[in-house]
Amino acid sequence: MAGRLTLTDLVKIYHPRSGHRAVDGFTLDIAPGTFVTLLGPSGCGKTTVLRTIAGFESPTSGELLLDGADLTRISPDKRPISLVFQSYALFPHLTVAENVGYGLQAAGVKRAELRARVDDALDQMGLTGLGDRSPGQLSGGQQQRVALARAMVTRPQVMLFDEPLSNLDATLRERMRLRIRQLQRELGATAVYVTHDQSEAMAMSDLVVVMNAGRIEQVASPTELYRRPATRFVAGFVGRANLIDVDVACMEEDGARITAFGQGITVPAHPDLADGDAPAVLLIRPEALQVTPVQPDTPDAGDLATVTVSAFMGERIDYELDWQGQRLLASLANPEESDVHPEGTRVRLSTPGSRAWALPA
């Protein structure tokens, strides 16, 4: 079972007169067995890419290959691909077992094998004993598991997921995303998952593809994406971020020398940065921004801010800060009582250089 999916310069134009490209030069090579998530704001083109892979959309131009074979002229039902819809898309007039076995029946699988594979899929999804029920008799979480069982029972080379957990409550979403990841690993299938939920993308993926306006902004592991974003858009879109305009004094062996909060520090830097870049962007995640209270009469050397919001969350405390008219965020895990500073407190800001990141503006 292979499953290398190769998309080369895909373009999709829905209305030729407008010339607007819903997908604009999308190129991505997905190795077999990789879990890839397409992440981005509404209208960025991620669902169009997914539907093109599934065969429900035809690309205006570009190439789509599965293990070297051209998929663009193969109808959706003939592609070794399964799709889990946001709405589950279960047939209300069929039983749970009939829904799960629908693809096998369409493929001409013999009755005995079909029944065995359906029973196995229901068992893996924790749906044993529910095969004779109708979808309308199930909860939302159970219906989602039926949709997953239907997707896995055909043993596809590629599994596609179109925001499949968006209709579930938060607790069930967390359980189901772990089950989907486990299922994908057991099958060894290539997976392409579409979501606007960053926590899903970060928790489930080998690679995350951040899209914006039909184009790819960055392809990276969740860790790299969070710590080393390639563009200002990615830095601001993925996770919570403080983005501060700075000047690069010089490039050093360990990164860029910049001034932050009145102090010169060296921070890891994007390879495109150069001496004298002005402005560049300094990314500091809230957990890397340190706050230290000071006396009211402490002189400001550019490193002081005022706490405008102090939110104690139990396992952490979140601050909103006013620094030179800019809103910054700070977050401290496992705070002691002395770490809780009320609104109006003047604080000194600092950050370890190793936990920041400089990139081109």
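Leaving aside neighbours within four places in sequence, H341 is in contact with V291, P293, V307, S310, I317 and Y319, where contact means heavy atoms within 4.5 Å. H341 is placed in the loop between β19 and β20 (346-350), the helices (H or I, at least four residues) and strands (E, at least two) being DSSP runs numbered from the N terminus. H341 counts as buried because its relative accessible area is 8%, the term buried standing for under 20%, exposed for over 50% and partly exposed for values in between, with a 1.4 Å probe and protein chains only.

The model is predicted, so that local features need pLDDT of at least 70 and side-chain atom pairs count only at pLDDT 80 or more, while totals for chains, interfaces and linings use all residues. Residues are numbered from 1 along each chain as its sequence is written, and side-chain values use heavy atoms, with hydrogens and water left out.

I317, a contact of H341, is also touched by S331, whose other contacts beyond four places in sequence are R240, P286, E287, R316 and D318. S331 lies in strand β19 (residues 326-333) and is buried, with a relative accessible area of 12%. Its side chain makes a polar contact of 2.8 Å with the side chain of D318, a polar contact being a pair of N or O atoms within 3.5 Å in which, within protein, one must be able to donate a hydrogen and the other to accept it, and in which residues adjacent in sequence count only if both atoms are side-chain atoms.

The largest nonpolar core has 35 residues, of which V100, M125, V146, L148, F161, I180 and Y193 touch the most other members; such a core is a set of buried Ala, Val, Leu, Ile, Met, Phe, Trp, Tyr and Cys residues joined through side-chain atoms within 4.5 Å. Two or more residues of this core come from each of α2 (96-100), α4 (111-124), α5 (140-153), β7 (158-162), α6 (170-187) and β8 (190-195), and α5 gives the most, with 7 residues. I180 touches F35, L148, F161, P164, L165, Y193 and M204, not counting residues up to four places away in sequence. A second, separate core of 28 residues includes I284, L289, Y319 and V347, and Y319 is also one of the contacts of H341.

Taken as a whole, the chain holds 9 helices and 21 strands, and buried residues make up 47% of its 361 residues. Among its contacts between residues at least 6 apart in sequence, 67% join residues at least 24 apart.
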